Amino acid sequence: MITEKKNIPLLDTQPEIQSIWAELTTALEGVMRSGMFIMGPNVKTFEKEAAAYFGVKHALGVNSGTDALVLGCHAIGLKPGDEVITTAFTFFATGEAVSHFGAIPIFVDIDPHTFNLDPEQIEAKIGPNTKAIIPVHLYGHACDMDAIMAIAEKHNLHVLEDVAQAFGSEYKGKKVGAIGHAGALSFFPSKNLGGFGDGGMYLTNDDKLAATVGMLRVHGAKKKYFNEEIGYNSRLDEIQAAVLRVKLPHIDEWNEGRRQAAAWYGEFLAGEDQIITPYIASYTNHVFHQFTIRIKNGKRDAVHAKLQEQGIASFVYYPVSLDNLPIYNSLPKSAMPNCEMCSHEVLSLPIWPKIEKNTVAQVAEAIKEAVRS
């Protein structure tokens with residue numbers, strides 16, 4: 001019986017910060033001394049470095065991952081009555097970005113193994129008003145992009161990848177975010193590549209889309225004070241860009257650390273028939289923004305509570321699918337059995353790049369004990 005009270009957070013960013021402390025303080029001091037805090041040299045350089053990392057022509061820093069989605073929807077001319085197909089099992093920002101324009105998010109059920117949009121269910125939801133597809137690479141596992149892009153090409157649909165949880169994840173060797181017509185990144189502090197505040201980025205190979213988003217993020221003006229469109233104040237801060245520039249060269253190593261932690265969890269939780277550990281499709285190199293298990297037999301909430309009692313953090317991403325949110329009550333409903341099942345079974349466990357094997361072992365032991373009780 002485990003009785004010792006622990007203090008294990010869901011995420012600990014301090015080990016990675018401490019490992020690059022000198023570089024960070026030098027970068028931050030440089031920004032403070034420069035007096036340039038908005039759209040300065042760090043933003044411009046980080047955009048070039050990120051574009052090179054993803055292998056795209058354009059990377060545009062914006063205020064947040066949500067803004068990257070919103071500006072991406074604006075850039076394709078989304079309007080009231082248009083429809084956008086996306087997953088029902090994701091954070092609200094994905095549907096919210098569509099709804100901002102009076103457009104309608106058309107929710108699709110997920111594959112319960114990958115937690116991602118099920119491509120086999122997309123075509124049945126396509127209608128005369130369908131304009132785009134927003135696949136979400138949830139928890140760091142890539143969507144089946146070949147299938148999604150084939151459907152998009154067949155029906156002439158725009159694909160905007162939501163990469164908020166999957167920085168560095170790949171699909172068949174290509175970075176997600178660089179496969180669709182555009183990609184949206186988040187640099188929220190808890191992300192795999194996180195800043196010291198909000199931040200986001202829009203990726204594309206399309207010159208016209210890049211020019212439009214570049215204009216929209218600065219109040220709809222290509223030339224200052226000569227505004228051409230109602231835009232946004234959505235700029236990546238210079239301080240955030242400086243932090244992200246220091247972190248970017250380490251992201252692949254840190255993602256590998258997450259994969260190692262996931263392997264330890266898989267080892268320690270093996271053989272528990274009430275626990276389903278994450279599936280990894282052969283086409284992806286899962287970056288484990290979250291390590292999310294499924295707990296069967298209606299025990300998820302009890303396990304969650306028992307972990308909390310022991311000082312072990314865990315979290316439910318997500319307790320309700322988007323189609324069941326009050327804001328979308330007026331939309332036509334269709335069966336989402338996998339979303340419904342996962343919303344009652346998923347539980348995300350502590351994970352970060354430098355988590356120790358002993359910590360993973362303690363969490364796993366506590367989960368097994370809770371499930372068996």
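This is a predicted model: local features need pLDDT of at least 70, side-chain atom pairs count only at pLDDT 80 or more; totals for chains, interfaces and linings use all residues.

**Entry 1: two helices packing.** I started with helix H3 (residues 41–54) and helix H8 (residues 238–247), which pack at an angle of about 40° with their axes 8 Å apart. Residues are numbered from 1 along each chain as its sequence is written, and side-chain values use heavy atoms, leaving out hydrogens and water.

Helices here are DSSP runs (H or I, at least four residues), as are strands (E, at least two), numbered from the N terminus. Axes are lines fitted to C-alpha atoms, for helices over the stretch in contact, and angles run from 0 to 180 degrees between N-to-C directions.

How do H3 and H8 lie to each other? They are oblique; under 35 degrees would be roughly parallel, over 145 roughly antiparallel, 65 to 115 roughly perpendicular, and the rest is oblique.

I then listed who touches whom, with contact meaning heavy atoms within 4.5 Å. From H3, Pro41, Asn42, Val43, Thr45, Phe46 and Glu49 meet Glu238, Ala241, Ala242, Leu244 and Arg245 of H8.

Which residues of H12 are buried? I noted Thr359, Val360, Val363, Ala364, Ala366, Ile367, Lys368, Glu369, Ala370 and Val371. Buried means under 20% relative accessible area, exposed over 50%, and partly exposed in between (1.4 Å probe, protein chains only). Their cover includes helix H9 (251–269), strand S13 (291–295) and helix H10 (300–309).

Entry 2: Most residues other than glycine have a negative phi, and most peptide bonds are trans. I went looking for exceptions.

Methionine 39 has a phi near 50°, a positive value in a residue other than glycine. I placed methionine 39 in the loop between helix H2 (21–34) and H3, and at 22% relative accessibility it counts as partly exposed.

Phenylalanine 288 also isn't a glycine, yet has a positive phi of about 50°. Phenylalanine 288 sits in the loop between S12 and S13 and is buried, at 4%.

Last, the peptide bond from tyrosine 317 to tyrosine 318 is cis, with omega near 20°. I found tyrosine 318 in the loop between H10 and helix H11 (337–345).
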